[in-house]
Amino acid sequence: MDLFPLWNSLRIAAISSVIIFFLGIFLAYYISKLPKVAKGLLDVVLTLPLVLPPTVCGYFLVLAFGNQSPIGQFLNNVGFPFFMSWRGAILASVLVAFPLMYRTTRGAFESFDDDLGNAGRTLGLSNTYIFWRIRLPYCKNGIIAGLVLAFARALGEYGATSMFVGYIQGKTATISTAVYNYWTIGANDMALIWVLINITISIVVLMAVNLFEGKKKGNKRVN
Amino acid sequence: MSIKVKAYKDFGSFVLDVDFEFEKDTIALLGASGSGKTMTLKAIAGIIKPDRGYISIDGHVVFDSENKVNLAPQKRNVGYLFQSYALFPNMSLKQNVLCGIRKYHLDKEEQEKRFKDIVRILQLEGLEERKPHQLSGGQQQRVALARILIGNPDILLFDEPFSALDEYLRTRLQLETKEIIRKYNIPSILVSHNRDEVYSLAEQTAVIDQGKVVVNKPTDALFENPEYLKASILTGCKNHDSIKVKDKQIIFDEWGIIVKKPKEFSDDIKYVGVRAHSFSPSEKENSNEIIIKEVMEQPFEKLVVFRFKKQKEGSKDLYWLVDKKVDTKKVSRLGFKTSKILLLM
């Protein structure tokens with residue numbers, strides 16, 4: 001059995017998660033500090049992929065990075081194409097899974113006790129130190145939960161991925177696109193195997209989320 | 001020590017507009033919740049930025065909107081004790097306290113030495129590796145103090161530090177804090193709504209109401225003559241009435257009492273106050289018949305809710321605090337010395 005879809009799915013989800021992690025923290029932090037109107041607007045834009053059908057996201061990706069677009073042609077020329085490549089699947093996963101990380105992280109940042117940051121500043125601690133050593137550890141559980149959700153979503157991404165990078169065996173095939181393709185050619189037993197693999201991974205991920213959320217409740221400060 | 005604060009900030013629903021100067025070492029801002037006293041403290045620390053104004057600590061300008069001076073909180077060298085103590089929950093006691101000297105970039109040895117000293121002085125030995133949630137309320141406060149004091153601040157800012165504590169702990173920590181302030185000889189500003197706290201800890205007190213300083217004077221003088229109705233309420237006076245002045249008399253609007261106008265009397269005076277302790281059954285001055293409505297037993301005193309017989313209907317009941325031994329059932333008249341009347345604006 002060709003295990004490429006499993007390995008490909010995992011590497012796409014892992015790389016996407018790393019990108020989403022830093023991007024999510026960065027945007028969640030700076031957007032939470034913006035004035036109300038700008039915050040609301042950016043919130044809508046960044047959350048949109050969560051509610052749009054993934055095919056719409058895929059369509060936009062093709063429009064922006066496909067062979068017809070200037071960016072797509074440029075990437076083809078430098079030999080680094082995203083369209084119909086496993087790299088493109090990372091782009092699709094980041095786009096679709098990002099809102100999950102962004103929203104959970106922002107929620108976590110908003111629950112941060114501002115007195116802690118202010119105490120740090122009056123003690124002479126630098127803003128960077130406060131961010132990495134006080135704010136992030138305080139919001140740790142929320143951030144990890146967001147990251148795990150984003151990872152799970154990236155792992156299960158189908159719509160945008162299949163439109164943007166298709167299903168090329170040994171190149172762009174992922175677990176979810178493999179299920180669909182085995183089913184269309186009537187290889188039901190293969191489809192079932194991939195379905196079971198997918199379900200197993202999802203259960204593990206969701207159990208991890210519950211574990212972190214349970215911990216968060218137990219850790220609340222008593223005043 | 002001298003501190004000068006002139007700060008204006010419009011929060012939309014609330015306007016902070018304070019202006020005061022202190023020349024003493026232990027000072028207090030007394031105000032009800034929402035009066036703007038914590039905002040004032042945060043402006044001094046640089047946590048909030050006034051729209052305009054001027055703040056200097058011991059001649060050192062930390063904020064001046066005209067000359068575009070606005071030092072970051074990190075550069076003001078103030079020690080701010082938060083009501084919640086704001087200990088970093090992910091760090092141990094030791095890590096928390098060492099945060100207070102990170103700014104000096106000392107070598108390990110010197111850090112250890114200073115840490116050992118402060119832990120000994122604040123009696124926190126043996127707790128070094130504990131996380132904040134494993135410490136009692138009193139210990140948490142001492143850790144917060146240690147974290148501040150280890151960095152040698154120019155001034156200490158206390159934001160309602162005792163209000164979350166029970167009676168017993170409060171008195172003990174007040175004493176401890178007083179001792180520490182004396183030992184380190186660092187000037188301090190205390191923000192509080194509690195008159196006892198202010199009275200026992202501050203030499204000078206400013207009363208803040210609705211974002212403005214109404215009175216600013218030595219603490220004992222403030223309690224003797226609060227000058228303003230709002231200040232009188234904050235100093236704990238329980239009985240107030242509005243007045244009219246006719247010829248040489250002061251006429252109480254609601255109580256039906258008339259007294260002689262004192263020689264020194266400002267036309268701005270519109271209210272009077274009589275403290276609950278100032279009434280006495282044996283006092284001949286302003287003695288009037290009363291009706292007792294209720295007697296509330298307190299641990300060492302009785303709080304008697306009463307009305308003068310000639311008091312206007314619908315007006316507020318009055319309070320009399322008296323020793324437990326006095327049989328209030330036999331009391332039918334109460335008087336008070338005219339000299340005990342607080343004249344208020």
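In which helix of chain A is the place of A:N118? A:N118 sits in helix α6 of chain A, residues 114-122. Helices are DSSP runs of H or I with at least four residues, strands are runs of E with at least two, and both are numbered from the N terminus.

This is a predicted model, in which local features need pLDDT of at least 70 and side-chain atom pairs count only at pLDDT 80 or more, while totals for chains, interfaces and linings use all residues. Residues are numbered from 1 along each chain as its sequence is written, and chains are lettered from A in the order in which they are written.

A:N118 is buried, because 20 other C-beta atoms lie within 10 Å (buried means 20 or more such atoms, exposed 12 or fewer, partly exposed in between, with C-beta atoms placed from the backbone). From A:N118 to A:I130 the C-alpha distance is 9.3 Å, and the two are 12 residues apart in sequence.

The contact between the chains takes 15 residues from chain A and 19 residues from chain B; two residues are in contact if their C-beta atoms, placed from the backbone, lie within 7 Å. On the side of chain A that touches chain B, α6 and α7 (127-138) of chain A each give two or more residues. The largest share, 6 residues, comes from α6(A).

Chain B has an open sheet of 4 strands in the order β18-β17-β16-β19, with antiparallel pairing. Strands pair if DSSP finds at least two bridges between them. β18 and β19 of chain B stand at the edges, each with a single partner strand, so one side of each has no neighbour in the sheet.

| Strand of chain B | Residues |
|---|---|
| β16 | residues 288-297 |
| β18 | residues 318-323 |
| β19 | residues 333-334 |

Strands β16 and β19 of chain B are joined by 2 bridges, and B:N288 has B:L334 in β19(B) as its bridge partner.
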